[in-house]
Amino acid sequence: MLQQLRVRPGDAANLAEREPGSTPGAPGGRAETEAATAAQLAKLSELQERLYAERRRSLLVVLQGTDTSGKDGTVRHVIRGLDPSGTRVVAFGVPTAEDLAHDFLWRVHRHVPKAGEVVVFNRSHYEDVTTVRVKELVPEDVWKARFEHINAFERLLVHGGTEIVKCFLHISEREQASRLRERADDPRKRWKLTSADLIDHGRFGDYLDAYDFAIERTSTDRSPWWIVPADHKWYRNWAVAEILVTTLSETNPHYPLVPPMPEAAALGD
Ligand code: AMP
Ligand code: MG
């Protein structure tokens, strides 16, 4: 049902032709969709418990998108359904001097999930082929060579038992303007806004081009990109929850089979 959000290997992402305000596959309008999300979160929590108990596989969720696309909101509304003991959220901001003194995957690799764990990347190594490209932080031959490294890195994780889900939260330029305006006007949101965000807003099209290019080169069978229409937050939350439930259901983690313990009879009934 949500398969139309998934970018097949080698396919173009075609962001310009996808409608950020659309709600493909939604079970209804806002109210029905929110109710369905709550049900999905319950399922997600059960699947995660099995993953944690099994301790063989793991899940890496990569959240990308332009400023105000709702990465933090997705963590708050979807990831909150998971058990904090088995989950980590890692946000990647501007690289430190120490980060920049290493290869671009160094700061990322140390945070990948261990067996049984769910890790959510709020921004990720994809900043190094999108933001870095738009802001011209490294020469073109350097960022272009990174796709090969990213694909090899993700293959390494997959071979180690990690499922990877990459979500691009797709908002429209108009919606970004409205969310930035809200940040400017609301004292409770003003802290999130910097003048760099306004400069980036002026380059919205360049960011979409960079994501188009990156997604087309890095969506694989085992590490797919999902393009989530994100102008409606209620749809975005439902779609991400649905994608995670679908992925973990396919992983189908099992409670470990442990032999019966006869001594437990001593505990009585
Ligand atoms: P925020 O998500 O609002 O906390 O902002 C984090 C900022 O860090 C964003 O402007 C990102 O574009 C920036 N950022 C994250 N990773 C990188 C990177 N590898 N190179 C340059 N800027 C980055
Ligand atoms: Mg920001």
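## A tour of helices, sheet and loops

Select helices H1 and H10 to begin: their crossing is left-handed, a term used when the near helix is turned anticlockwise from the far one by less than a right angle, right-handed being the clockwise case. The model is predicted, so local features need pLDDT of at least 70 and side-chain atom pairs count only at pLDDT 80 or more, while totals for chains, interfaces and linings use all residues. Residues are numbered from 1 along each chain as its sequence is written, chains are lettered from A and ligands numbered from 1 in the order in which they are written, and side-chain values use heavy atoms, with hydrogens and water left out.

**First stop: H1 and H10**

Helices (H or I, at least four residues) and strands (E, at least two) are DSSP runs, numbered from the N terminus. H1 covers residues 30–54 and H10 residues 233–251; the two pack at an angle of about 30°, and their axes lie 9 Å apart. Axes are lines fitted to C-alpha atoms, for helices over the stretch in contact, and angles run from 0 to 180 degrees between N-to-C directions. H1 and H10 are therefore roughly parallel to each other; that label applies under 35 degrees, with roughly antiparallel over 145, roughly perpendicular from 65 to 115 and oblique for the rest.

Next, display the side chains of the contact (heavy atoms within 4.5 Å). On H1 the contributors include Arg30, Gln40, Leu44 and Leu51, and on H10 they include Trp234, Trp238, Glu242 and Leu248. The residues of this contact comprise 11 nonpolar, six polar and four charged. In that count Ala, Val, Leu, Ile, Met, Phe, Trp, Tyr, Cys and Pro are nonpolar, Asp, Glu, Lys and Arg charged, and the others, Gly among them, polar.

**Second stop: the sheet**

Now select the strands. They form an open sheet of six in the order S1-S6-S5-S2-S4-S3, with mixed pairing; two strands pair if DSSP finds at least two bridges between them. S1 (6–7) and S3 (87–91) are the edge strands, each pairing on one side only.

Move to S5 (residues 162–170), where nine of nine residues are buried, that is, under 20% relative accessible area, with exposed meaning over 50% and partly exposed in between (1.4 Å probe, protein chains only). Thr162, Ile164, Lys166, Phe168 and His170 point one way from S5, and Glu163, Val165, Cys167 and Leu169 the other. S2 (residues 58–65) runs parallel to S5 and is joined to S5 by eight bridges; Gly65 stands opposite Leu169.

S6 (residues 225–229) also runs parallel to S5, with five bridges between them. Two bridge pairs to pick out are Phe168 with Ile227 and His170 with Pro229. Five of the five residues of S6 are buried: Trp225, Ile227 and Pro229 point one way, Trp226 and Val228 the other.

S1 and S6 pair in the antiparallel sense over two bridges. Here Val7 has Trp225 as bridge partner, and Arg6 has Trp226.

The crossing of H6 and H9 is right-handed. Their contact includes Trp143, Phe147 and Glu154 of H6, together with Phe213 and Arg217 of H9. Its residues divide into five nonpolar, two polar and three charged.

Select Arg57, in the loop between H1 and S2. At 17% relative accessibility, Arg57 counts as buried. Its contacts, leaving aside neighbours within four places in sequence, include Leu51, Glu117, Gly161 and Asn252. The C-alpha atoms of Arg57 and Glu163 are 7.5 Å apart, although 106 residues separate the two along the chain.

Most residues other than glycine have a negative phi. Thr68, in the loop between S2 and helix H2 (71–77), has a positive phi near 65°; Thr68 counts as buried, at 8% relative accessibility. Finish at Arg123, in the loop between S4 (118–122) and helix H5 (131–134), where phi is positive at about 70°.
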